[in-house]
Amino acid sequence: MPSSVRTTTLPSGEAVPVLGQGTWKMGEDSRRRSDEVNALRLGLDLGVTLIDTAEMYASGGAEEVVAEAMAGHRAEVILVSKVLPSNASRAGVQRACADSLKRLRTDRIDLYLLHWPGSVPLAETVEAFEALKKAGKIRHWGVSNFDTQEMEELVGLPAGDGVQTNQVLYNLSRRGLEFDLAPWSRQRGIPLMAYSPVEQGALARNARLDTVAARHNATAAQIALAWVMHQEGVIAIPKASSQEHVRQNFAALDIELTSEDLADLDRAFPPPTRKRGLEMI
């Protein structure tokens, strides 16, 4: 991994890049498939080796795009995928994982997440994850869209302390989790994985970022992404469907936000002063 790609550490002790590649909405249009594959491949070439996907994305189509992109590079990829809550029973997890492995054309998923809390007892899902680990089908497991109370329940379960990450909606315009979930996670060494770090492109058009962007000769989107990656124990997973977008995201790694920048961003996007429910999109 190039030295320019900073890392954070999972509870397992494994280092992972603070910049990954998201795939939400990939695989939905066959006309864009070549561009999507080439974008992911460029990211891998640059050292952005964490790729996040899910069985839900394009009903498995995104996993197929990832399979094509990582062909010949599987050993260097930190592969993340997610199981739907409707498939989170003991038998359902086994079937869903097998289907994902087939679409991904690999024998293992490095980090397998429960996509959001559902009706299946959490203890049952954790048991199923642990069985997959024992079978060598996944290396680690985690969750997504879990608020603090749900994380407390999780880590209190047998083997619940095996959770490696919590993937959540987090960006400058969605800072509610900073009140309790972020400090709770940092204290326990459980990284947050931030999806939609540029708010699906909305922050790229937000004039409140222009002053800081001008200081760094950067775009508003790059500042928004750099801010997420500046946070301790946070991994950003923006989606980029073109090679130019990948390069722009990668360049955000070199932006070093100053105390003045951070103060300006706090004024423009104030941190929370009370508990809010965890946001999802």
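**Walking through the model**

Mentor: Helices here are DSSP runs of H or I with at least four residues, strands are runs of E with at least two, and both are numbered from the N terminus. Keep in mind that this is a predicted model, where local features need pLDDT of at least 70, side-chain atom pairs count only at pLDDT 80 or more, and totals for chains, interfaces and linings use all residues. Residues are numbered from 1 along each chain as its sequence is written, and side-chain values use heavy atoms, with hydrogens and water left out.

Trainee: Okay. Is N249 buried or exposed?

Mentor: N249 counts as buried, because its relative accessibility is 11%. Buried means under 20% relative accessible area, exposed means over 50%, and partly exposed is in between, with a 1.4 Å probe and protein chains only.

Trainee: And what does N249 touch?

Mentor: Leaving out residues up to four places away in sequence, N249 touches L19, L225, P238, K239 and A240. Contact means heavy atoms within 4.5 Å.

Trainee: Where does N249 turn up in the lining of the largest cavity, and with which residues?

Mentor: N249 lines that cavity together with L19, G20, Q21, G22, L40, G43, V48, P238, A240, V246 and F250. A cavity is a set of points, on a 1 Å grid over the protein atoms alone, where a 1.4 Å probe fits but cannot get out; a pocket is an open set with protein on both sides within 12 Å along at least five of seven lines; and lining residues have an atom within 4 Å of a point.

Trainee: What volume does the largest cavity have?

Mentor: The largest cavity has about 90 Å³. Grid points are joined across faces, edges and corners, and a volume is the space filled by probe spheres set on the points. The count is two cavities of 30 Å³ or more.

Trainee: Which element gives the most to the lining of the largest cavity?

Mentor: That's α9, with three residues. Both α1 and α9 supply at least two residues each.

Trainee: What about the largest pocket? How much space lies in it?

Mentor: About 550 Å³. It is lined by 32 residues, and the closest to its centre are W24, S196, P197, Q200 and K239. The elements giving two or more residues to that lining are α8 (220-230) and α9, and α9 gives the most, with three residues.

Trainee: Which strands does β8 pair with?

Mentor: Strand β7 (residues 163-169) runs parallel to β8, with four bridges joining them. The chain gets from β7 to β8 through helix α6 (residues 181-188), and this β-α-β crossover is right-handed. Right-handed means that, with the strands pointing away from the viewer, the path from the first strand over the helix to the second runs clockwise. Strand β9 (residues 234-236) also runs parallel to β8, with three bridges. Two strands pair if DSSP finds at least two bridges between them.

Trainee: What are the bridge partners of A194?

Mentor: A194 has V168 as a bridge partner, and in β9 the partner is A236.

Trainee: New topic: how many salt bridges does the structure hold?

Mentor: It holds 22 salt bridges. Each is a side-chain nitrogen of Lys or Arg within 4 Å of a carboxyl oxygen of Asp or Glu. One of them joins R33 and E68 at 2.9 Å, N to O. R33 is in helix α1 (residues 33-46) and E68 in helix α2 (residues 61-69), 35 residues apart.

Trainee: And R90, what does that pair with?

Mentor: R90 meets E127 at 2.8 Å, N to O. R90 lies in helix α3 (residues 90-104) and E127 in helix α4 (residues 122-135), so the pair ties together parts 37 residues apart in sequence. Salt bridges that share partners also join R215, E260, D261, D264 and R267 into one network.
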